[in-house]
Structure formats: structure tokens, C-alpha cells
Amino acid sequence: MVYMWSMLYLLRNDPEKIKASQRARGLDESLVDKALELDLKWRKTLTRVNELRREHNKISREIATLSGEERIKKLEEARKLAERIEFEERVLRDLEEERTRVLLGIPNVIHDSVPIGRSEEDNVPIRFYGKPKVYREFLDEFLRQVKGFNVDYEVIDWKPKGHADMLDFLGLGDTVKAGEVATSRFYYLFDDLVWLDFGLLLYAIDFLSQQGFRVILTPYMLRRSAYEGVTTLSDFEEALYKIDGEDLFLIATSEHSIAAYHMNDLMDEDDLPLLYAGVSACFRKEAGAHGKDTKGIFRVHQFNKIEQFVFCMPEESWDWIERLIGNAEKLWSGLEIPYRVVNICSGELSAVVAKRYDLEAWMPAQGKYREMVSCSNCLDWQSYRLNIRFQRKGKKGLERGYVHTLNSTAIASTRAITAILENYQEPDGCVIIPKVLRPYLEMFKKAPKEVIYPVKSKVGKRN
RNA sequence: GCCGGGGUAGCCUAGCGGUAAGGCGCAGGCCUGGAGAGCCUGUGUCCCUUCGGGGACUCGCGGGUUCAAAUCCCGCCCCCGGCGCCA
């Protein structure tokens, strides 16, 4: 069995598969032919260089045993050969760089089960949970999003407040002041919402640690060389904050620091899978999102997140993606928040990912299902770039290859809070606390236990 | 930040201008009633192959000197110890 980098393997053995993936993503498929040609040239050149080097090594070895005329003659010969080798090596290096550049630029090859499509509209819902509260005016919109599934729902005649309005109404959040001192998309949260934030995180790590996930706190910054292994170049401009004057980037998710944790590692098959429940703040520029979700805390530059991360054997990753989305569903059905799981279409997938499920919570005030969880199989896209390998006993001694990596949100705090503020909102604006979170609030004397009520701000500037 | 020591194959260790030595682990083979011990071979990356094998590369990373660099020179990264600073 061959376990080379899957992209190079496919290029040499099944280039049509890469082309089909490129087409499905709406990208240029001629890159594949270009890579194929470069690879062929590179291999030919390498063979030639190897022959020259062999000759040079032979002469060089002879020189050590010679003296006088003979030695001088061979020295001259070696010098000339070295010049030629230098030239050919430059050609080789250029070819290799170009081939690598093209290959690294090709997005992950999508899985057969990924729906072909261009936009959000082409994502395919596969499961629904819960009984959404649907405001009468959103009924058509809701039915459209249910796409023929038989989903039980409850029509309500009062319009829930949006989560942004709820921050003001409850007096527990301030995005205006945050905008003044930081920029927009930041927030101050107070009291009950802080307890709720922590409660959500604790709930998630308590659950995941019982599923065999190792709880892990990670660096909040990574150097570029590590970061290049986990994401695409465009993310460095669009998503990541850079520390001024230093080779450091704030992490957008602990997925990145966890993947990087095993950079250059070689794992025994017996050690896999490795399961991690990452705990971290996440920092995102949201550069391409002007005008979207500008109010409130749905889309922010900084939030807390519990992340599931798996390193596994290649043949197990398609099983693991189902288990990860399953874990996320257990957490969210535990919260009793209505959601649907969608299979993300080819055109919406990032380059890193071969397949992705999103878990989208029903948002009663928006009349929409909105993304809460993103669950992805990255195959060897990250592990190749980070050089994370496994070894196993094969027929001819040890076999080595690249592990597969997967990641999935468990709970991202601010988004989960928005979902709770809208789904657990009573007509009077109070918010019931999901039962499953209550144990994690019990331990704090001042934390809310059953209901979040509006408060008058002690600062008095707002409300 | 300063001074010293260090980074060698999966792990540990030698080598300090002449083409990576040794040990452990692991795999295969011999031996055995079986196991162990012992002995032999192999052990990273890549290319070519008529599938027998042949060859190149690899000593933290990147340059330089040389016919030849793990070894000498320059820059950078990381680890350990000490000093300084510090929650």
C-alpha cells in the first residue's frame, strides 16, 4: 500500500479526479495538466542531476587517493562537472518549486458525497432536530429552509427580539462602547452572560472529555511557518491578525494550534486516533464580511470556543467526520436548541476541506437557520503541510504515511449565546436557562440558575 | 536582553574536512517441538528500473568556502544552564 501525499498520488495515478474536484469547486482545471507536465519534467531532470552527481562523487573520491599530475587533472575535471551540476540543480530547483507551488495551490479533492453547487442555496439539509418557534411572518421563509423535511414547529404570534436588541434590553452587553475603544465587532458582556459563556464552555469540555477527548489549552499565537500548514495564504490577509514587528499570528481557532502541536511528529498506528478538545479564544478579522451581521455578537472579532480535533489513520477519517458531527449534535440537542445539519456544497468549501457539515441553529428573531458548528474532514491537506505522519507494520517492514485531520466546533460561546437569547426568550423578554447548563452555573453563587432577567446597568451610561 | 552548552535517521549516542560509526527499538530471515536467547539482513526522503536491483539526497533551517562540509565561516530558529528583567 502506498501512503504518499494524496495530491501527488492522484496527480500521477488519477488526475481526472482532481480535475473533477476543481470543476465542482468552480476552479481552473488546467492547473492539473500544468502540474502533471512539471512533475514529468522534474523527474527527468532529477534523474539527469543524479547521474551527474554520481559521476562527481566518483571523481571526488578518486582525488583523495591521487597526487601530482593525476590529481591536478582530476581536480580540473571535478571543477567543471561541479559547474554543470550547479546549473542543472538550478533548473531542478525551479521546476520543483513551480510544481510544489501549483500542487499546494490546488484545494483539497472533494468527497463524492459533497453536493455540487455554487452558493449557500445549494447546501443540502440532511437532518433536523427540535421544534422551532416560528414567528407567523417568517412561516414561508421557514418552510422554504425545511426543504420538504417533515419538521414539527410551533407558530408564535409575538416577534422575538433579536439577540443584539436583547443585549440592550437585558442590560448585559455593550457593543457601542466596545466599538469606541476597540472597533466594531467587539463587545463587553456582563454578569449573567459571562456566567453563561463559561457555563457553555464547561458543558462542552465536560461532555467531550467523557468521550475520550483530551482537554487542551493552546498558544493563542503561532509563527508563520506553523500557520502555513493549516490554512490558505488568503487567510493571512482576510482572517488573521498579525502581531506587529513579530513573526506571530493570533489564532483564528484552536484547530490551528492543535494541528500545529504535532508538527513533524511520527506517530505509531497504536497511538491513533488522538482526540483533543481545544479551549481557546479565537481572533478573526472578518475582512470579507462588510455589512453582514454588524449588530450584536453573532459575528465578532473575538470569542471563546471549544473545538474537537482528531488525528487519525487515513481509512478512519470518513467515519470520524460522522462521529464529530454526532458529538456536536448531542451538545446542541442537549441544549434543546432546534437545528438542522447541512452538507455544504462544493462551491462553498474552503481549500483545506474535502467535506464539511454545518450545524445551523434556528434563530427565531431572524427567521433563519444560522451556522453554529462547522465540522470538516481535511484528509492529509494539513498533515502533509505540517509533516504529521503515522507508521504501521506492513508486509515489507514499516509503512509510513500522512495522518488525516478533522475538526469540528463543539460550542462557540458568543454564537451559542445568541441562539439561547433568541430560542429561550419568553414573550416578556426574559431568558430561560437551558436545563443542561444549570449544573455548570450551580457552583457560582451569583450566577443565574433558571432565568436571566433584565438588569439596570450600574454604569448607567446605557439603558 | 547578555554569557556559556547543545540540536546527528523512531529514540539514545559517537564523529569535528575524505563522503554518517555504534546501541536500543522495530521488521524480515536462520535456529527451535514452541518461545526466548543467539546470529544474519534491513531500517529516513526521492528518482530510475528489464522488479534482480541501481543511484542521489539527508547531520535544526538558510547561505558561503572547497574537488570534497555533520565537521570551517556567516545569518536565523529552537532547547538546556547561568545572569538580568519581571507577574
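Four elements each supply at least two residues of the surface near RNA strand B: α3 (30–63), α4 (68–105), β15 (389–394) and β16 (397–402). Keep in mind that this is a predicted model.

Let's stay with the RNA. Which element gives the most to this surface? That is α3, with 12 residues. In total, 25 residues surround RNA strand B. The closest are R12, T47, N50, S60 and R79.

And which part of the strand faces the protein? Look at the atoms of RNA strand B that come within 4 Å of the protein. Sugar and phosphate make up 83% of them.

How do the residues of this surface divide by class? There are 11 charged, eight nonpolar and six polar residues.

Now some single contacts. Start with T47. One of its polar side-chain atoms lies 2.6 Å from a sugar or linking oxygen of RNA strand B.

On to the domains. Chain A is assigned two of them: domain 1 covers 6–105, and domain 2 covers 120–452. Five residues from domain 1 and 10 residues from domain 2 take part in the contact. The domain centres, taken over C-alpha atoms, are 43 Å apart.

How much area do the two domains bury between them? About 550 Å², with 37% of it on carbon and sulfur atoms.

What about polar links? The rule finds six residue pairs in polar contact across the interface of domain 1 and domain 2. By class, the side of domain 1 that touches domain 2 has three nonpolar residues, one polar and one charged. The number of salt bridges between the two domains is zero.

Salt bridges do turn up elsewhere. A search of the whole structure finds 30. Here is the general idea: side chains of opposite charge can pair when their charged atoms come close. Take E37 and K41. Their side chains meet in a salt bridge, at 3.7 Å from N to O. Why are E37 and K41 about one helical turn apart? Because they are four residues apart in helix α3. And α3, remember, gives the most to the surface near RNA strand B.

Last topic: the backbone. Most residues other than glycine have a negative phi, and most peptide bonds are trans.

One is the bond that joins L272 and P273. This peptide bond is cis, with omega about 0 degrees. Where is P273? In the loop between β9 (266–268) and β10 (274–283).

The other is R185. R185 is not a glycine, yet its phi is positive, about 70 degrees. R185 also sits in a loop, between α7 (175–181) and β5 (188–189).

Methods: Residues numbered from 1 in each chain as written. Chains lettered and ligands numbered in written order. Predicted model: local features only at pLDDT ≥ 70, side-chain atom pairs only at ≥ 80, totals over all residues. Heavy atoms only, no water. Domains from an automatic or database assignment. Contact = heavy atoms within 4.5 Å. Buried area = accessible area lost by both parts, 1.4 Å probe. Salt bridge = Lys/Arg side-chain N within 4 Å of Asp/Glu carboxyl O. Polar contact = N/O pair within 3.5 Å; in protein donor to acceptor, adjacent residues only side chain to side chain. Nonpolar A, V, L, I, M, F, W, Y, C, P; charged D, E, K, R; others polar. Near = heavy atom within 4 Å.
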